[in-house]
Amino acid sequence: MKTFLITLFIIRICLTATYAQMPTREISPNLLKENWTAYWIAPPKVSLKEYGVFHFRKTITLAEKPQKFIVHVSADNRYRLFVNGKSVCVGAARGDILNWNFETIDIASELVAGKNVIAALVWNMGEYLPGAQITKKTAFILQGNSEKEKAVNTNDSWKVTQNEAYSPLYDLAKLQTFMSVGAGDEVRGAQYVWNWQGLDFKDENWTKPRQLEMGTPKGVGTGADWYLVPRTIPLMEEKQQRINKIARSEGATISDNFLKGTAVTIPPNTKATLLLDQTFLTNAYPQLLVSGGKGANVELTYAEALFDKKDSKGNRNEINEKSIKGQYDIFYFEGGENRLYSTLWFRTYRYMEMKIETKENALIINDLYGVFTGYPFEEKASFTSNDNSLKDIWNVGWRTARLCALETYVDCPYYEQLQYVGDTRIQALISLYVAGDDRLMRKAIIDFDNSRIPEGLTQSRYPSSTQQIIPTFSLFWTNMVYDYFMHRKDDEFVKAQLQGMENVLAWYEKHLDNQKNMLSGMEWWNFVDWAREWPWVTEKNIGGEPQGSHEGNSSIITFQYAYSLNLAAKVFDYYGKTTQANHYKQLAQKIAKSTFALCLDKNKGIIGDTPDKQQFSQHAIIMGILSEGIPAEQRKSFMDKVLQDKSLIQGTFYFRFYLTQALKKSEMSELYYSNLTPWREMLSMGLTTFAENPEPTRSDCHAWSSSPNYDFLATICGIMPSKAGFESVLIQPALGELQNVEAKMPHPQGEISIKLSRKGAGVEGEVSLPTLLTGKFVWKGKEMSLKGGKNTVKME
């Protein structure tokens, strides 16, 4: 029994610990410029557009165990690939029809001399498609890399069957909220194809697949349903994650040892409910291992938090008089021994409710745990100080960032799993500073560039099965390119984005009111922030839109355009496009100056959201400072208004990122530390990730609220690139009331570390840089040069 359980454990988890996405250089060159010899294959006699779960198999015989056996694999919508019963790869990484990702892996370690089975689980969510999933139709493809590997190519020599055990679960009345992550799973054990991926499985009754078209690399041929491109990011991490405690139980007394792998028996004709608490939010595939219990079922419901009778979450640690609602799965058991039930896609949860109902037979629950999944970021940065509470903010922020990083960045893992530009810009900076990993950022920049509509704007979220246009997010996409330009020496990549930046900025230039030198009314959804004064729907606006978005002359968006023009000018100037750069600088200065003059309320000393000065927001001042529309000598007085005047429309957690940038621009970075109250309040509410908005909030996990993980390093420690490509560093710490800090962060050339302590009005300590990196250290207007290696700092 123990041996069998361990085998199941190995089959399901620890994928990326063994397997890795192979680099592009390992791909046979002809597979990137000629049609593949493998075909896309699909199940026969079923609609390829509707919901369905399918299994594909191919048996091959090898004379000897190979040293290398590279294959390329993809599917629509999703797949999980097995070799001799072992799960080795999950995909396809989300993209679009013109950029359909294929994974490349070496499966030699799982192959043996003699008989081998290559098998794939493929599913299509049909009408329950996740919002982030673009699709054509159900299909699967696997291509050997060279002549010796072509024996596994998909064609009509493979076999396929539909797994009728699966049905979709999507009941809005039960969910009580909008979700776009796909349906839950109903799995009926009596219909399940058990051990379908194993060597000894008998597949004589399986059918030949439909042979569709050959695999077509992007840029080849006269037309294709999918244009294939190599995956550019690593495979997702998968590792076992035990659930930490039973929060309450009804109908059965079950020991906490159950969560450690001790089997529990549920008697016949029993109804029991367990509320399980992971104690922190996670993304994981639930794994339920059972024996017996014919006719029994278990329903699992997942939630970020529980709700009271007023539909309020309150303190996330409190469970009394609260109930669960959210996404759910139901598993029906046929009585077999050691049956492992899981879900097609991961679930996001802190709390999991387990409803158990048995019939005439007892049910043995052998085990229940999760398999955590996410982009395999490594936490290479660290930050400590004399304020130990900052460590809690750091840890919760990093957990938030990790849960919002998959095959793309996502806004939230529970509700949408969509990559939005506004969120992604902040997430990408966190990735660079904490993990030093730029691969997901590069993919995001390319994804958004691929989303572009004929008008020149990027879509606001992508990949997405539904088009959505937020023009302000297109501006933030240009800012992302600038961020990448400053942090990475990657000229060919950045230059490839220049035309796209021009297209976005030109769209806005066409919308200028040339009399006022402000933006006129604009189409689409002109989202700025989820401020409560900008409600979801009004006669003229939809959620998050300030005054002037559609009727014209929004100071906030005009300033944002000027801010983006200034950043773009630096990029264009660097690459020798001086005419374009000068135009952007001059245009930015003209519209920012005009907007400031027209929207300034001299009596109140603040800026109106439009020239009629009916509404006033933090956002207008913040963007006025970042755009340099507010003169340098006046920025501190305006920032004082932002921090003290509660009559202003307040920015949410998202816009706090830009508030901090405005503090730095106003030479007020020292105030950052004293303005961490929103994050401290979230921790006091029992949140284990940072929320989308102040209470009441929909999502408990939004990485746009994790900006402290960037700002602890970039603002408190003051570590910033001072030249393009991070080829020089500026370290300008702003400790606030902190007495000492110690931190490190990855840099393309190695590691930057600092250890600083206040000494009266001065500071002293050490700064270490990679050998070839130079820069300067600034403290209260005084400067000292930094060289590669260890630098001693002592400044009054």
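In which helix does Asp483 lie? Asp483 belongs to helix H7, residues 471-487, where helices are DSSP runs of H or I with at least four residues, numbered from the N terminus.

Before I continue, please note that this is a predicted model, in which local features need pLDDT of at least 70, side-chain atom pairs count only at pLDDT 80 or more, and totals for chains, interfaces and linings use all residues. Residues are numbered from 1 along each chain as its sequence is written, and side-chain values use heavy atoms, with hydrogens and water left out.

Is Asp483 buried or exposed? Its relative accessible area is 5%, so Asp483 is buried (under 20% relative accessible area, with a 1.4 Å probe and protein chains only). Leaving aside residues up to four places away in sequence, Asp483 touches Arg425, Leu429 and Met441; contact means heavy atoms within 4.5 Å.

Leu429 leads us to helix H5, as Leu429, Ile430, Tyr433 and Val434 of H5 meet Asn709, Tyr710, Leu713 and Ala714 of H16. Seven of these contact residues are nonpolar, one is polar and none is charged.

I turn now to the nonpolar cores. Such a core is a set of buried Ala, Val, Leu, Ile, Met, Phe, Trp, Tyr and Cys residues joined through side-chain atoms within 4.5 Å. The largest one has 148 residues, and Tyr561, Tyr658, Ile731 and Phe777 have the most contacts inside it. Helix H10, residues 555-574, supplies the largest share of this core, twelve residues. Apart from it lies another core, of 47 residues, including Phe82 and Val117.

Conventions:
Buried means under 20% relative accessible area, exposed over 50%, partly exposed in between (1.4 Å probe, protein chains only). Helices (H or I, at least four residues) and strands (E, at least two) are DSSP runs, numbered from the N terminus. Ala, Val, Leu, Ile, Met, Phe, Trp, Tyr, Cys and Pro count as nonpolar, Asp, Glu, Lys and Arg as charged, and the others, Gly among them, as polar.
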